[in-house]
Structures are given as structure tokens and as C-alpha cells.
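I opened the notebook to look up a few sites one by one and to write down what I find at each.

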Amino acid sequence: MRQDHLISASHLSREDIEAVLDRAADIDDDPAAFRQRHAGKVLGLCFFEPSTRTRMSFDSAMKRLGGQTVDMGPVESSSVKKGETLADTVRVVEGYADALVLRHPSEGAATMASEFVDVPLVNAGDGAGQHPSQTLLDLYTIRENAGLDDLTIGIMGDLKYGRTVHSLAEALTNFDASQHFVSPESLRLPRNVRYDLHASGAQVREHTELDEVLPELDVLYVTRIQRERFPDENEYRKVAGQYQIDSETLESAADDLTVMHPLPRVDEISPDIDDTDHATYFEQAHNGIPVRMALLDILLSQDR
Amino acid sequence: MTDDHQLRVSKIRNGTVIDHVAAGQALNVLAILGIDGTSGEAVSVGMNVPSDRLGRKDIVKVEGRELSQSEVDVLSLIAPAASINIVRDYDVVEKNRVVRPDAVASIISCPNRNCISNADEPIRSRFTVLSDGVRCDYCETIVREDEVAANLDVN
């Protein structure tokens, strides 16, 4: 990777992405070869927002590389509660660790934190901004199931606040991918992401109905529409209901359609899809381990 | 009786005239330049004066101070047509246009209230200048040219 940190998918080149995915494939093939790779190294986990799977998968990935982790713990029991700035927190914690993973509720938090530390820093989600390590595992899953070039992908749900969507859309501009964005009008992609997609010359179309595009898709990436994005319960139910899929919805889809979701899901993918060949979201979640191992391996191996 | 123009904005002997400012932006120009009268310089402001080029324009004259190019370049964000005249002994000795800078710091506050630059952190707001607006270096929010004036962080 050209940079020491992983802050935004917009900073990733095709070569950066392929280096991580290739390394992840090596790890998948022979995990034992990486078991002691980073023995003696410590990864600092700084989660200012609740997280189960991202935190656990980074924890597991570091331990499978032979390293250890130190966890800041919940915000309620840390110095943050006493009013410490994020800039101070990361400067202190970098002394305890060889790399940091940061999740924070404010957009731009990881960019700012990276200006204050010398160890590699991974953005594990900054508000409604970016979530690039999720994107790497999404890309790995897409590559394994549908291929990253000559790809037609539909990305559906909360495109405005969905950080996994922003990162994925920007990363896909490195590949020959045609991107279809399906959402209610009020949850369209934010201006800055549309600006980047336009500037990169990506093939992009926006829709309000999945039917318009479903038959052409190789991959359907579904995200959750959150209750708190709507002024009242009724409007939320009305809108969210239009972006849920079940096996009946998928009747017009290609037989080899890959359905993905960053999880957790609530009711946007009906459980009756789980047993079909379309369902790829659990495999996607499991890919978090080899991909995060690969990412940490690359970041921790760089000459500093 | 003196003519109307004299009544509105008098000539200055030494200093800077910022002309062809978009109508209504004169006070924002002063704010960006940090000129609030407390340092004693004489400042004249004309607002909504007739202009051949702009229809209506604002004009700002600052007595006794020559503004540097880097000081005035930030004005390009709210007054892209502005011209800068340096006056010595009533004569214009230098005439320049504003040039768009690559980046600006501490001039605009990010309109995204959830941006880390609006939290109580030891950083300054910083924006990269685009062809038709600016983009927050932290949260990547894009502020269009016509929204910049409403987000100035200089008062």
C-alpha cells in the first residue's frame, strides 16, 4: 500500500486492493503459514461506538497472526468520559500498540486521528463516512463469487448514511464495474460520493425501484434502512418495506445472483433467502478474518 | 453639490481597493480579511453600486494597508470576479485579479455538524478548493460556491 494508514476507500488504487485480496487468498489457502507472523506485536482497538463483529474480527485476525490486542473498552469507562479529546486519546494509545483500529461516531475522525499518530491506523467506521476494511472483505467476496471486472452490481438501501456503501462505491471505480444505486429519494448517495464517482468516470445509475435493474445484476448488495433516519414510524415502515427482499422478489433475478449484506440485518433480507444459492452474506462476514489478517500483515510489515 | 459617487465611496490616498465584489458580499470580504476597524484603518464600503460588468457590485476600500496576493486569494471563493487595486498617492500602481488557492484553512466551518472539525479537537477547519466549491479535508462534505458565504467561520 502506498500509505501507512487505511482511512478512506477513495485512497485505494487497484494495486493496493489486489495486494490485500491476493494476500487474503494466500491466508485462506494456508493459514498456518501466517500463525506466528506478527508474534510480539500489539494491535490497539479504539471503539468509540458500539461494535461486535468488526471489533471481534480485528481481535481474532490479530491473534491469528500471532499478535495480541489491547482494547480501550467501552467509552463509558474510559478517559473520554472525562472529556479527553480524540487527538489526545490516540496519541496516548499509540504508545501501547504497533497499529490502531479506530471507530468513531464523527465523520472525519480517522483522518484527524491519523494526523496525530505515527503507527498505522485503520478506519473501522467514522460516522456516516467510510468503512474501508469492510469494503476490502466485500471486494474479496465479490471477486470469489462474481469477479471484479465486467461486473454489474446493485447497491440498495440507505445510501446516504451507509458508510459501507460509500467505501464500496468508491473502491469499485478501480474496476470495470457498472454500479446501480437503488434507494428512496431521501436516502440517495451524498454529494461528495456522487462527485467522486462522476470524476472517476464510473458507470453509475440511480433508481428508486429494484425491479428496474434486478434482472441484469451479478451482485445485489443490500443495506439496512434505519428507523432514526425518518421523522416518524409510519413513513419509515412505508419506505423500508419497499427495499426488503424475499425469494419471491428474486424470481426475476439471474440464477447466479450473489446477494450480500454487511450485517447486521433486521428484516431487509427475508430468512427464506438464507438457504438459497444467492445468500452470500455469512460467507462475506467470515471473509472478515483472512482479509483483516491480510490488511494487518501488510500494514505491520511496512518499513517505517 | 458633490457628485453621487463621491458621496458613496471616497478616493483613498494609499491602500487597497477591492472592486467588482459580487453585490452583497462586501461585509463577508471584510470578515475574511479580518478587517473590523479595531486596528484603526479607514475603511469605506459601497454596496449595490451600479456596475457595467456585474450590474450591481460591492466595493471595499482600505486606507493605509496593502493586501498581499495570498491574503486576497481566499476572496475568490465568494467574489471570483474581484479585482485588487493597490493605490499609492491616489494612483493605482498595481491591479490584480484574485486567483483560486488550492486549499483554505480556518476560513469556512464545515456545515456537517457531525464532522470532527466541529468537535472540540485541536485542529483547524481545512478545505480543498474545487472548481465549483470546496471540500472538507476531514469529512469530505462538499460546499458549493453559492453556499460558501453562509458557512464563513470568521466572525
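This is a predicted model: local features need pLDDT of at least 70, side-chain atom pairs count only at pLDDT 80 or more; totals for chains, interfaces and linings use all residues.

**Entry 1: the annotated cysteines**

I looked up Cys139(B) and found that Cys139(B) is buried, because its relative accessible area is 11% and buried means under 20%. Cys139(B) sits in the loop between E8 and strand E9 (142-144) of chain B. Setting aside residues up to four places away in sequence, I noted that Cys139(B) touches residues of chain A, namely Glu107(A), Gly108(A) and Asn192(A), as well as Cys110(B), Asn112(B) and Cys115(B).

I then checked the record, where an unreviewed UniProt entry carries the annotation "binding site" for Cys110(B), Cys115(B), Cys136(B) and Cys139(B). These residues are spread over 30 residues of sequence, yet they cluster in space, with a largest C-alpha distance of 9.0 Å.

Next I turned to Cys136(B), which lies in strand E8 (residues 133-136) of chain B. Cys136(B) counts as buried because its relative accessibility is 2%. Beyond its neighbours within four places in sequence, Cys136(B) has contacts that include Cys110(B), Cys115(B) and Phe127(B).

**Entry 2: salt bridges**

I looked up the total and wrote down 28 salt bridges over all chains. In one of them, the side chains of Arg143(A) and Asp22(A) meet at 2.9 Å, N to O. I noted that this pair links distant parts of the chain, since Arg143(A) belongs to helix H5 (residues 132-145) and Asp22(A) to helix H1 (residues 14-29) of chain A, 121 residues apart.

Asp158(A) also forms a salt bridge with Arg229(A), where the closest N and O atoms are 3.6 Å apart. Both partners sit in loops of chain A, 71 residues apart.

Arg100(B) is in the loop between strand E5 (91-97) and strand E6 (103-105), while Glu145(B) is in helix H4 (residues 145-148), 45 residues apart. I also noted a network, in which salt bridges that share partners join Arg191(A), Arg144(B), Asp146(B) and Glu147(B).

Notes: Residues are numbered from 1 along each chain as its sequence is written. Chains are lettered from A and ligands numbered from 1 in the order in which they are written. Side-chain values use heavy atoms; hydrogens and water are left out. UniProt positions are given in the numbering used here, feature names are shortened, and annotations may be inferred rather than shown by experiment. Helices (H or I, at least four residues) and strands (E, at least two) are DSSP runs, numbered from the N terminus. Buried means under 20% relative accessible area, exposed over 50%, partly exposed in between (1.4 Å probe, protein chains only). Contact means heavy atoms within 4.5 Å. A salt bridge is a side-chain nitrogen of Lys or Arg within 4 Å of a carboxyl oxygen of Asp or Glu.
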